[in-house]
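Open the model in your viewer and keep the selection panel at hand.

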Amino acid sequence: MDRRTFLTLAAAGAAFPLGADPAKAESAKADPGKADPGKAAPPPARNVVLVHGLFADGSCWSEVIGRLQMAGLTVTSVQNPLTTLDEAVASVRRVLARQDGPTVLVGHSFAGMIVSEAGTDPNVSALVYVAARAPDAGEDYAALARTFPTPPASAGIVFDGEYGRLGEAAFLRDFAGDLPEAKAKVLYAVQQPFAKALLAGRTTQAAWRSKPSFYAVSTEDRTIDPDLERFMAKRMGATTIEVTASHLSLISQPDTIAMLILNAAGRP
């Protein structure tokens with residue numbers, strides 16, 4: 001199956017008890033043919049651990065959290081310290097150690113690096129990447145990204161000494177472009193700065209090489225190039241959906257992202 005040939009998730013949305021908008025369901029399309037046949041199907045999981053990326057905090061998962069809790073899952077959103085990759089991974093591993101049984105580990109944006117590193121934990125049953133980085137072990141992600149067009153948001157990063165953040169104009173236009181302006185401004189207000197040292201980290205493991213993996217590509221993404229997302233999803237053999245959304249599909253289309261996580265949890 002060609003990677004741009006997709007089956008709609010509308011049927012799944014009809015069975016999903018979250019009142020998903022049919023118009024939005026049509027914007028998310030899955031390609032089950034991308035799943036790596038060498039990986040076993042994920043076992044049923046009752047826990048989900050969510051990890052945020054740059055320009056955000058743990059509250060960015062709020063819309064998804066409620067939907068997963070309604071489905072009976074135990075959900076934890078990690079507060080990523082955004083200091084170094086090692087410290088970010090350690091914060092996730094502490095949360096994973098508290099989980100009782102199989103756990104789906106989910107990362108948005110930069111947190112895909114954390115998921116790739118921490119996802120080898122025996123508690124992790126499946127990985128979900130939401131418009132996320134997915135480096136191979138030891139890979140220079142910045143060098144990989146340079147082989148694709150530079151996303152507009154990159155020009156909007158401003159630094160205060162050793163800490164960076166996204167300027168307001170870039171945040172509203174290139175990070176949260178499909179959200180109502182008032183909502184995007186609230187998210188901008190709680191944006192957490194990241195340390196330059198965080199960007200220097202490289203993963204030592206690629207959990208997606210051995211764990212069932214799922215990927216949500218944001219087709220209107222201006223923070224990570226959509227074709228780079230497609231490349232990483234294909235390389236990992238992920239079960240992939242494409243969502244007509246900005247970088248923040250987890251907020252603009254939480255029903256779609258929750259459905260993908262439920263799929264990774266072995267729940268139709």
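Two residues are taken to be in contact when they have heavy atoms within 4.5 Å, and helices (H or I, at least four residues) and strands (E, at least two) are DSSP runs numbered from the N terminus. This is a predicted model, in which local features need pLDDT of at least 70 and side-chain atom pairs count only at pLDDT 80 or more, while totals for chains, interfaces and linings use all residues. Residues are numbered from 1 along each chain as its sequence is written, and side-chain values use heavy atoms, with hydrogens and water left out.

**First stop: α7 and α8**

Select residues 168–175 for α7 and 181–189 for α8, whose axes lie 10 Å apart and pack at an angle of about 125°; axes are lines fitted to C-alpha atoms, for helices over the stretch in contact, and angles run from 0 to 180 degrees between N-to-C directions. The pair is therefore oblique, the class left over when angles under 35 degrees count as roughly parallel, over 145 as roughly antiparallel and 65 to 115 as roughly perpendicular. Show the side chains of E168, F171 and L172 in α7, which meet E181, A184, K185, L187 and Y188 in α8. These residues divide into five nonpolar, no polar and three charged (Ala, Val, Leu, Ile, Met, Phe, Trp, Tyr, Cys and Pro count as nonpolar, Asp, Glu, Lys and Arg as charged, and the others, Gly among them, as polar).

**Second stop: α4 and α5**

Next select 85–97 for α4 and 111–118 for α5, whose axes come within 9 Å and cross at roughly 60°, which means that α4 is oblique to α5. On α4 the contact is made by L85, A88, V89, V92, R93 and L96, and on α5 by M113, I114, E117 and A118. By class, that contact has eight nonpolar, no polar and two charged residues.

Which residues line the largest cavity? Select F55, A56, D57, S59, C60, F171, F175, L187, V190, L248 and I251; on a 1 Å grid over the protein atoms alone, a cavity is a set of points where a 1.4 Å probe fits but cannot get out, and lining residues have an atom within 4 Å of a point. F171 and L187 also belong to the contact of α7 with α8. The largest cavity has a volume of about 60 Å³, a volume being the space filled by probe spheres set on the points, which are joined across faces, edges and corners. Its lining divides into nine nonpolar, one polar and one charged.

Terms used
On a 1 Å grid over the protein atoms alone, a cavity is a set of points where a 1.4 Å probe fits but cannot get out, and a pocket is an open set with protein on both sides within 12 Å along at least five of seven lines; lining residues have an atom within 4 Å of a point.
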